[in-house]
Amino acid sequence: MKERASIIVSLFILVTLVLGTWWAADYSQRAVEIDPPSRITHEPDTWAKKIVLLRTDEKGFVIHRLEGDLMEHFPDDKSYELISPRAFALKPENPLTVATSRMAVIYDEGNRIIMRGDAVILRLGDAERQPLNFRSDELTLLVKEDLSYTDLPAIATSGRSRMSGVGMRFNNATQQLDVFKSTDVDIAPKDQAAESPSKALMPKP
């Protein structure tokens with residue numbers, strides 16, 4: 001009888017220990033968060049100073065060049081922010097084009113660049129065309145397409161001619177500037193006599 005009572009007491013103690021251990025483990029898991037999900041915030045993880053990025057064609061010639069004073073990478077949207085950017089379009093078949101601004105955000109592995117703050121695109125002149133200056137508070141460059149555009153108020157000047165409007169699109173390959181909501185056009189008489197500059201500053205129908 002005593003042996004049976006000892007066995008029952010031992011089993012009771014064993015069950016109590018098992019239940020107590022299970023409760024303690026369950027409480028610990030609920031009280032302490034294990035491997036909490038990582039927070040994704042818009043914070044830089046890498047940076048570089050005085051950067052120069054080059055893009056070449058299939059023959060190895062440089063066709064685009066991007067410079068800046070400071071570049072930071074943001075892993076949440078895979079973007080780069082560039083301070084004092086300077087972008088050069090160097091395709092031999094087109095006039096040299098230079099874009100500058102206070103800062104820029106780079107997306108799609110450098111194929112889309114948003115220039116912000118005093119954004120200016122300057123297409124140098126050649127034997128047939130006068131220089132073209134295209135400026136706005138924000139300009140988007142589509143590098144592969146050789147296009148630049150804005151939906152904001154913008155001003156374009158070529159020679160002594162000037163056009164202001166809301167929404168402009170410049171195709172560097174065709175040298176065509178389209179203005180979607182023209183508010184003011186001033187074509188100088190000298191530029192009217194030259195066909196190419198006047199076409200560059202004609203609003204889109």
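Arg112 comes out as partly exposed, with a relative accessible area of 28% (partly exposed lies between buried, under 20%, and exposed, over 50%, using a 1.4 Å probe and protein chains only). Its side chain meets that of Asp108 in a salt bridge, at 3.5 Å from N to O; the term stands for a side-chain nitrogen of Lys or Arg within 4 Å of a carboxyl oxygen of Asp or Glu. Asp108 is partly exposed too, at 47% relative accessibility.

A word on the model: it is predicted, so local features need pLDDT of at least 70 and side-chain atom pairs pLDDT 80 or more, while totals for chains, interfaces and linings use all residues. Residues are numbered from 1 along each chain as its sequence is written, and side-chain values use heavy atoms, leaving out hydrogens and water.

Searching the whole structure turns up seven salt bridges. One of them ties Arg86 to Asp69, at 3.7 Å from N to O. This pair links distant parts of the chain, with Arg86 in strand β4 (residues 86–89) and Asp69 in strand β2 (residues 62–74), 17 residues apart; strands are DSSP runs (E, at least two residues), numbered from the N terminus. Arg86 counts as partly exposed at 27% relative accessibility, and Asp69 is likewise partly exposed at 27%.

Glu138 pairs with Arg116, their closest N and O atoms being 3.2 Å apart. Here strand β8 (residues 132–142), holding Glu138, is linked to strand β7 (residues 112–123), holding Arg116, across 22 residues. Salt bridges with shared partners also join Lys50, Arg65, Glu67, Asp69 and Arg86 into one network.

Methods. Helix = DSSP H or I, 4+ residues; strand = E, 2+ residues; numbered from the N terminus.
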